[in-house]
Amino acid sequence: MSTYIFESNKIESILDFIDLETFFITDIDDTLIKAAQIIGSSHWEKHLIRRLIDQGVELDQARSRACGLWKQIQKLTNVITLEEGVFKLIQFLKKHSIPTLGLTSRDCDLIDLTFEQLKKVDLHDAFTLKHAPQTLEATYLCHFARGALFCGNNAKDKALKVFFEQNNLNPKKIIFIDDQKDHLYELEEMAFHAGIDYVGMQYTASSPENFSVEIAEIQEKHLPNIISDEDAQKLIQN
Ligand SMILES: [Mg+2]
């Protein structure tokens, strides 16, 4: 049994690790899709949390309010993929019949919207796990639907453990990609305790370097219209 975590900004870097015993797990936001502009992105959500804390709001409250705003923008925004390579990866997984599970911190009330967003970039069939839709017996609300686990406030490893137990799944090897390192470590620990081989890749294609507070604020002012980063940049320069 072995565990290994590495980092790459190319999604296809994971291909070398996949074999026929692999149970493949992928995050959604900043891994398969991201908002087409700064507002609505995960980096923007983190910025909102920091801004609320600076205003004296408690961390839990700040997180919950930022998440609420992020959700509202998801209803308005277009999404894009991070790399063309994602389609090659999904095709490879399908060709070799590798079971593939989506694992997201999105709340259950975003299931339909999430699949609408994935459909826009032709990734709505990316998750091949065919188990029936189900509510998990987890600490917080958690649903499995259409091949993806919507963890909400549950830690990803905890939700996954319950899902495996509820469905009698005993994978020999897990491969997981996520842009957030802490999730990779959570699953590594879970895999270690369960005696499952594990490879985790921190996918760094969505870099926070392109985040701009000025652009985010212009975009916030124009809501409910969503203006592009380029148009916001022009407004700043004029
Ligand atoms: Mg993510």
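A: Let's start with how helices are named and compared. Helices (H or I, at least four residues) and strands (E, at least two) are DSSP runs, numbered from the N terminus. Axes are lines fitted to C-alpha atoms, for helices over the stretch in contact, and angles run from 0 to 180 degrees between N-to-C directions.

Two housekeeping notes. This is a predicted model, where local features need pLDDT of at least 70, side-chain atom pairs count only at pLDDT 80 or more, and totals for chains, interfaces and linings use all residues. Residues are numbered from 1 along each chain as its sequence is written.

Now the close-up. Helix α7 (residues 213-221) packs against helix α8 (residues 229-237) at an angle of about 100°, and their axes are 9 Å apart. That makes α7 roughly perpendicular to α8, a label for angles of 65 to 115 degrees (under 35 is roughly parallel, over 145 roughly antiparallel, the rest oblique). On the α7 side, the contact uses E214, I215, I218 and Q219, while α8 brings D229, A232, Q233, L235 and I236. Contact here means C-beta atoms, placed from the backbone, within 7 Å. By class, this contact has five nonpolar, two polar and two charged residues. Nonpolar covers Ala, Val, Leu, Ile, Met, Phe, Trp, Tyr, Cys and Pro, charged covers Asp, Glu, Lys and Arg, and the others, Gly among them, are polar.

Stepping back, the chain splits into domain 1 (3-34 + 81-203) and domain 2 (42-77 + 207-237), with bounds from an automatic or database domain assignment. The centres of the two domains, taken over C-alpha atoms, are 26 Å apart. Four residues from each domain make the contact between them.

What about the cores? The largest nonpolar core has 42 residues, and I25, L149, A159 and I174 touch the most other members. A nonpolar core is a set of buried Ala, Val, Leu, Ile, Met, Phe, Trp, Tyr and Cys residues joined through C-beta atoms within 7 Å. Buried means 20 or more other C-beta atoms within 10 Å of a residue's own, exposed means 12 or fewer, and partly exposed is in between, with C-beta atoms placed from the backbone. A second, separate core of 11 residues includes A66, W70, I73 and I218, and I218 also belongs to the α7 side of the helix contact.

I49 is partly exposed, with 19 other C-beta atoms within 10 Å.

Methods: Two residues are in contact if their C-beta atoms, placed from the backbone, lie within 7 Å.
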